[in-house]
Amino acid sequence: MLNLLGEYECTMDAKGRIRLPAALLRKLGEREKYDFVLNKGFEKHLTLYPIEIWQETVKEFGTLNPYDTDTRNFLRRFHNGATDVDLDDQQRILVPRRLKEYADLDNEIILNAFGDKIEIWDAKVYEETMNDNSEKLAELAQKVLGDRDKVA
C-alpha cells in the first residue's frame, strides 16, 4: 500500500510533458519501470494512478452490477479518457491533449499526492480550490467525519 504525501510545484512543457520530482518518485519506491494510468479527476484535475492501484480500482468495479444503468454510466464516464502513461528517460509523463484541455492545464502545475494517487492540477485552479476559508473546512470535516467523542 502506498502512502504518498505532499504538494509539488512543477511545469508542463509546450509538448504537454510533466517531469515527476525525484522526491515523489522515491515515495513510489524503487521500480524497474514506472507505469501509470492517467485519468480525469472528479473535479477539474487529472489523477495519476500507479498501475497496481489502477488495477485494484478496476477490480473493485468488477463487483458492481453491470445490469444497472447508473453503474454502466458511471463506469463509462470514469474510464473516459483513461490513458496508459509511463516515464520517459527524463522522468516525464506526457499528458494527452484531451486530458490537458479537460483540466485546463497551463504550464504551472501542482502535483497533490496523497494516499495512493497523485492529482495533477493547474496551479491557479488548485490555489482557488484550496483557498477556501477554514470555516468551510470545518463544515466539511463535520459532514464527512461526523460526530466523534475525541477530535484531534
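# Reading the labels

Me: Why is Arg17 called partly exposed?
Reply: Arg17 has a relative accessible area of 22%. Buried means under 20%, exposed over 50%, and partly exposed in between, with a 1.4 Å probe and protein chains only. The value of 22% falls in between, so Arg17 is partly exposed.

Me: Where do these values come from?
Reply: The model is predicted, so local features need pLDDT of at least 70 and side-chain atom pairs pLDDT 80 or more, while totals for chains, interfaces and linings use all residues. Residues are numbered from 1 along each chain as its sequence is written, and side-chain values use heavy atoms, without hydrogens and water.

Me: What makes Asp13 and Arg17 a salt bridge?
Reply: Their closest N and O atoms are 2.6 Å apart. A salt bridge needs a side-chain nitrogen of Lys or Arg within 4 Å of a carboxyl oxygen of Asp or Glu, so the pair qualifies. Asp13 is partly exposed, at 25%.

Me: How do you know that Glu101 and Arg97 form a salt bridge?
Reply: The N to O distance is 3.2 Å, and this passes because the limit is 4 Å. Both residues lie in helix α4 (97–102), four residues apart, about one turn of the helix. A helix here is a DSSP run of H or I with at least four residues, a strand a run of E with at least two, numbered from the N terminus.

Me: How many salt bridges does the structure hold?
Reply: The structure holds six. Among the residues involved, Lys33, Asp35 and Asp86 are linked in a network.

Me: What makes the largest nonpolar core a core?
Reply: A nonpolar core is a set of buried Ala, Val, Leu, Ile, Met, Phe, Trp, Tyr and Cys residues joined through side-chain atoms within 4.5 Å. The largest such set has 33 residues, with Leu48, Leu111 and Ile120 having the most contacts inside it. Strands β1 (4–11) and β3 are among the elements that each supply at least two residues of this core.

Me: Which residues does Leu111 contact, leaving aside its neighbours within four places in sequence?
Reply: Contact means heavy atoms within 4.5 Å. The partners of Leu111 include Gly6, Tyr8, Leu24 and Ile120.
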